[in-house]
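Please read the following briefing alongside the sequence and the coordinates. Overall figures come before individual elements and residues.

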Amino acid sequence: MPSSTGTFDVSKRGILFMKKAKKLLALLLTAAMLPGSAASARQQVHADTSALASSYNTNVNYIAYATDVEDQSQTNYCWAYMADAVLESYLMKTSAVSQINFSEWDMIRQLSSGTYAFSDLYTGGNYHQALAYWTRGSAYGPCLESNSSATNYYVSETAELGRYQRDNQLSKQNYIQNIKNLVVSYGAAGVSVYFTAQDRMAMTRDGAYYYPEETSPGVNHGVTVVGWDDDFAPQWFYNSITTPHQPSHKGAFLVKNSWGKYDSSSIGGNTGYYWISYDNYFQDAFAVAQVVDRTRLYDYLYETDYRGLYDFASGSSYSQSYRLNGSAQWMTGFSTYVKAGATYRFYLNNQELAGCGGTMAQTGYHTFQLPNPIQVYGSLELRVEVNGNNEAVPLACSASSHAADSNNVCLKVFTTRTPYGSTTTNPSSPSWNPSTPGATVTGVTLTPQDCAVRAGSSQAFTATVTGYGNPSQRIDWQISGSSSQFTRMMNNGILYVGADETSDVLYLYANAYADSTQGASARVEVIKNGSSGTQGGTNGTSTPNGSTNPGTNGTSTPNGSTNSGTIITGTPSGTVNPGTNITGTPNGAGTNINGSPIGSEQDQTSSVNGSDSESTGTGDEPVRVGTTGKGVYAVWEEDGTAQYTQCTSKTATSISIPATVKIDGEIYEVNVMDDGCIRNQKKVKTLTIGQNVAQIGEEAFYGCKQLKKIKIKSEHIEYIGEDAFRGISSKAVIYVPESCLVEYRQMVRESGNMTARVKAY
């Protein structure tokens, strides 16, 4: 029978996370891995379950770290959509990207065809199939939805909860708490429930779904948990086909589904999100816990578990032998599936690998990096010894997703051609710093991570790159969700929120320049002028249609979060609303705030927010706007930089972005080209980009059909936005400094233009 749900094998996948719930919770509150050496540093689990709030990420209009809802249509591939949503959320949470969309159909195609295909994926699957796809050799891995191009992401670690004891309420409570821990730590968690598309209207009320755990036939559908509300009232649920019709306990998870955004049974009938009662039965919760750069991880990957994990079998040891390709290589790491609470020791050709073993605090796929690479020849045998769990042998899956491959275990080996991989840097971590030999980036800390800023005001953020070997502290800052061209993140960590900002929430990303896979993010609530900006964590009445944000007593603060940052209120340094009537007026003519003419000469320097007539405070304004030549600029006096925001001449055939600009007698370096700054300029044919430009915004030159010649003078462009060069002349040539040719060509291609020639001058 056609179905909009994916199906999961309930009876055969007997992965029990732990037999004692108390032990499970205790383990998750200790270290992610307790090394064999007591002197080794502990890697702590990211979130403390005992400290989690009663509500998190509950405003369906502003879901943090979530990509768009997709539609699996009449297929059984919900597991693929759920898994990709979890991976996308992790990448957003860790600031590797601000938005991304992976192709589920590439995953399905790769897993359903070829030598190592599954024979029965059309009947359903689970996240382990997705993990097999993510971790196979270099021909596989997540691909982008937009153009099916392969990415360099390798999922090196997952956190998996398996199942709880259905007849043990404490086990269920701990399981709920640990799902929350995954969401807070890693961005989102996949979970399996019983939910059929055919009966969804009978099972839900305004997007609130309930099916009694005691009568649930198991699980058959995968969804993505993004938040929760412990005070979600039982009366919001009603399942007309079960008894009881409503849960007996309060509380619910907010989940993203894969039946399309305009699912009439979802919250509001047009979101694709559901509230799922804690009283439902669910299992197989998992999250992506680490992603690394595939090309930095290995040159060769040796594996026999192409279809991933089937299940854990009885036994305390397992091994795998591999014949190596070519000449001598350097083994840099390996991966396997581990179980929480078990202690592992690893042996290469009967010699113990010191520094790799330990007691695991998370069940899941785990990648181990050797402290020092080991040269290997011809062949190798890797053996694993396990204590503390008598069901720890990870059996590989056969072509049938419901059967084990009895001849293979899940154990991969990574090698490189040289002791230091593809570069000359230290591979003791897959996230090493490519610019400083021996340096390793392990993460980024960002303060504050949750704050409120009034429109027209500023907030300072502090980002620190952590790691070994003195990694570079340089940070790449990004903002998402802004509606104002004046909202800007400066290189010194100061966020200015434009006075005309209409977005309620902004997301700030701080990525390590030395390793873009490492970063941190912050959530910024925008307090509109005239708003009281009430912050709070008071739990109010939740409404399943999303009309009132749960946990806020109806206030405007999303998620009921407590403000942990400094609110700089008022108008900074006499700043007025920048940007009034500065666009759409040809030849530089316009009107300033008090209605007096600015001037009609193209080459005349003018001040829109002039200090004489518009400054109402004291001191210099941190943000000002002015025109000079044929361009409009926003300038920041705090760091002496300017942003090119718009060309005022619709007839210009040649545009030059200068290295510096003079506004009100002061000189500013032009280092940013704003989103859409020259978009749809139909007559422009040549463009010169000045030597100080470091960022080119999204759709900067989109639709400039006559643009054939672009010269980039800058040697330190760090970012080219999506579609910046899309829609320019098919004969366009982009001339760049010779030292930047390879890097800039790749950036142009990644921005969306695959045809323009990129040449050195």
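Among contacts in the protein chain (heavy atoms within 4.5 Å) between residues at least 6 apart in sequence, 70% join residues at least 24 apart. This is a predicted model, in which local features need pLDDT of at least 70 and side-chain atom pairs count only at pLDDT 80 or more, while totals for chains, interfaces and linings use all residues. Residues are numbered from 1 along each chain as its sequence is written, and side-chain values use heavy atoms, with hydrogens and water left out.

**Overall make-up**

- The secondary structure of the protein chain comes to eight helices and 45 strands, taken as DSSP runs numbered from the N terminus (helices H or I, at least four residues; strands E, at least two).
- Of the 761 residues in the protein chain, 58% are buried, where buried means under 20% relative accessible area, exposed over 50% and partly exposed in between, with a 1.4 Å probe and protein chains only.

**Helix 5**

- Helix 5 covers residues 169-186, and because its 18 residues at 1.5 Å a residue should span 26 Å, the 26 Å between its end C-alpha atoms agrees with expectation; the expected span is 1.5 Å times one less than the number of residues.
- The helix is mostly covered, with 13 of its 18 residues buried.
- After helix 5 comes Gly187, which has a positive phi, near 110 degrees.

**Packing of helix 2 and helix 5**

- The axes of helix 2 (residues 78-93) and helix 5 come within 8 Å and cross at roughly 50 degrees, the axes being lines fitted to C-alpha atoms over the stretch in contact, with angles from 0 to 180 degrees between N-to-C directions.
- Helix 2 is therefore oblique to helix 5, since angles under 35 degrees count as roughly parallel, over 145 as roughly antiparallel, 65 to 115 as roughly perpendicular and the rest as oblique.
- Ser89, Tyr90 and Lys93 of helix 2 make the contact with Val184, Ser185 and Tyr186 of helix 5.

**Two strand residues**

- Thr416 lies in strand 23 (residues 411-416) and counts as buried at 2% relative accessibility; its side chain reaches the backbone oxygen of Thr418 at 2.6 Å.
- Gln351, in strand 17 (residues 351-352), is exposed, with a relative accessible area of 57%.
- The C-alpha atoms of Gln351 and Arg383 are separated by 9.4 Å, and the two residues are 32 residues apart along the chain.

Notes. Polar contact = N/O pair within 3.5 Å; in protein donor to acceptor, adjacent residues only side chain to side chain.
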